[in-house]
Amino acid sequence: MKQFVHLKSTITPSARGAMRCPPLGRVFLFVAHLLACVALAPVAQAVCVRPGDWATYVASYSFTANWSSVNGATVYRLDVSTSSSFSTYVPGYQNLNVGNVTSRSVTGLNPSTAYYFRVRAYCNRIRKTSGNSNTVPVTTLSPTGPPVVITNRATYIASYSARLENTVDPHGLTTTVYFQYGTSTSYGLTTAIQSKTGDTYQNVVATIGGLTANTTYHFRIVATNSAGTRYGADQTFTTLSATGPPVVPFDFNGDGKTDYVLQNVSTRQTALWYLNNNTFLGGASGPTIPAGWSLVDVADFNGDGKPDYALFNPITRQTATWYMNNNASAGSAGGPTLPSGWSLVATGYFNNDSKPDYVLYNASTRQTAIWYLNNNVLAGGVVGPTLPVGWRLAGVADFNGDGYPDYLLFNSSTRQTAIWYLNNNVLSSGLYGPTLPVGWTVVGVADFNGDGKPDYLLYNASTRQTALWYMHNNVFAGGVFGPTLPGGWSLAAP
């Protein structure tokens with residue numbers, strides 16, 4: 001409990017003030033506000049709330065209709081019309097069943113034309129259909145024109161390199177694109193020129209090297225065609241420190257994005273859900289876990305750059321590593337057996353040897369411990385901090401950017417989160433994080449939006465809905481809904 005007192009002594013009034021309902025700040029935080037303050041209210045259990053909606057990727061012959069996820073919704077239906085009163089419909093887009101998704105590309109349109117769309121949700125659990133969403137007007141682009149650019153974040157941020165990503169619509173004309181980057185908005189450096197054609201939005205990616213560690217860089221995209229030049233908005237990223245534990249995303253398919261690992265409690269089957277931030281891209285079946293074993297965490301134990309399964313058997317206290325190649329098992333090895341009373345609860349890189357370690361927990365004493373591993377071999381161990389009563393370890397990640405992983409704690413009674421900053425196994429300080437809405441728990445931590453900062457992964461067991469809360473250290477910076485899990489499945493990682 002002395003450590004918990006130390007935690008309280010470091011919290012600031014501003015941090016405490018942000019726990020209940022984080023401020024919106026900007027429009028793009030609307031979904032986070034909906035998650036924290038509206039969609040989870042008790043009234044949502046009795047009605048099917050109409051979704052909020054907006055348009056993106058507006059091109060000459062298409063646009064993308066988007067809407068917010070509605071708790072309990074199993075189907076969404078989309079209308080598209082050239083009339084704001086919906087007296088007529090675009091062929092194929094009247095009461096269109098788009099399934100349980102939150103966006104749909106609307107294609108086959110005419111250029112320079114005004115369109116309107118709206119969405120309804122159907123909530124199977126209460127057998128109700130929501131009212132129509134707001135009517136969103138969209139005017140498609142002319143057949144040709146200056147390029148259109150969308151700014152994205154940098155990803156794969158390392159000490160001396162990063163990957164720049166933007167999106168461009170050539171707008172029907174051959175378009176040259178490149179990135180400007182540097183340590184100020186004067187930039188000074190450019191990437192190789194790429195050529196794009198067509199009238200759809202396309203990704204533009206460039207990997208840059210020769211950077212300086214622990215330095216903030218600016219970048220933007222430049223796109224030019226015969227109709228003009230367009231510049232993307234300035235974006236920044238900060239390279240990692242020169243040394244520290246490796247940054248290993250929960251990325252199974254090698255696209256640089258964090259993925260979900262699911263486990264079916266009844267069949268013991270695992271599955272991978274490939275994500276782009278909070279958007280579900282597809283999935284694949286993984287290996288089935290033997291009876292008596294559970295999948296605890298994911299880390300790269302054999303150093304091949306691919307995340308592996310860390311398994312634990314609570315009866316025998318045996319651990320094991322399943323080496324993975326995407327969703328396929330590539331071999332296994334037995335790990336050390338834990339002492340009586342101890343469980344494997346997480347993995348992390350604590351002693352700066354670039355190899356993942358075990359985090360152990362003793363439920364009787366609330367003591368934690370760190371076992372240093374060399375692949376599957378125990379190389380030593382130390383005692384970690386003792387958790388306060390009512391709190392559990394929800395994840396391990398480096399929140400304050402000091403090169404050492406920290407503990408993310410969660411109190412299921414108060415729904416409060418907290419971060420304990422560690423230097424290897426030593427508790428140095430702690431701060432409270434945001435408080436979760438009723439019905440939600442934090443089940444993992446990983447960088448989902450590619451800003452180099454770990455985020456919360458939330459789960460609602462009643463609705464099977466997931467959500468991402470973007471974090472800047474212990475401060476809530478926005479949130480979005482993630483995909484809903486099928487019945488019988490739970491999140492195993494991250």
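Q: Between which two strands is the loop that holds N375 found in this predicted model?
A: Strands here are DSSP runs of E with at least two residues, numbered from the N terminus. The model is predicted, so local features need pLDDT of at least 70, side-chain atom pairs count only at pLDDT 80 or more, and totals for chains, interfaces and linings use all residues. Residues are numbered from 1 along each chain as its sequence is written, and side-chain values use heavy atoms, with hydrogens and water left out. The loop with N375 lies between β27 (367-374) and β28 (377-386).

Q: What is the phi of N375, and is N375 buried or partly exposed?
A: N375 is not a glycine, yet its phi is positive, at about 65°. Buried means under 20% relative accessible area, exposed over 50%, and partly exposed in between, with a 1.4 Å probe and protein chains only. At a relative accessible area of 21%, N375 is partly exposed.

Q: What is the relative accessible area of R317?
A: R317 sits in the loop between β22 (308-313) and β23 (318-325). Its phi is positive, near 65°, in a residue other than glycine. R317 is partly exposed, and its relative accessible area is 27%.

Q: Which peptide bond is cis, with omega near 0°?
A: P494 belongs to the segment after β37 (489-493). The cis bond runs from A493 to P494.

How values were computed: Helix = DSSP H or I, 4+ residues; strand = E, 2+ residues; numbered from the N terminus.
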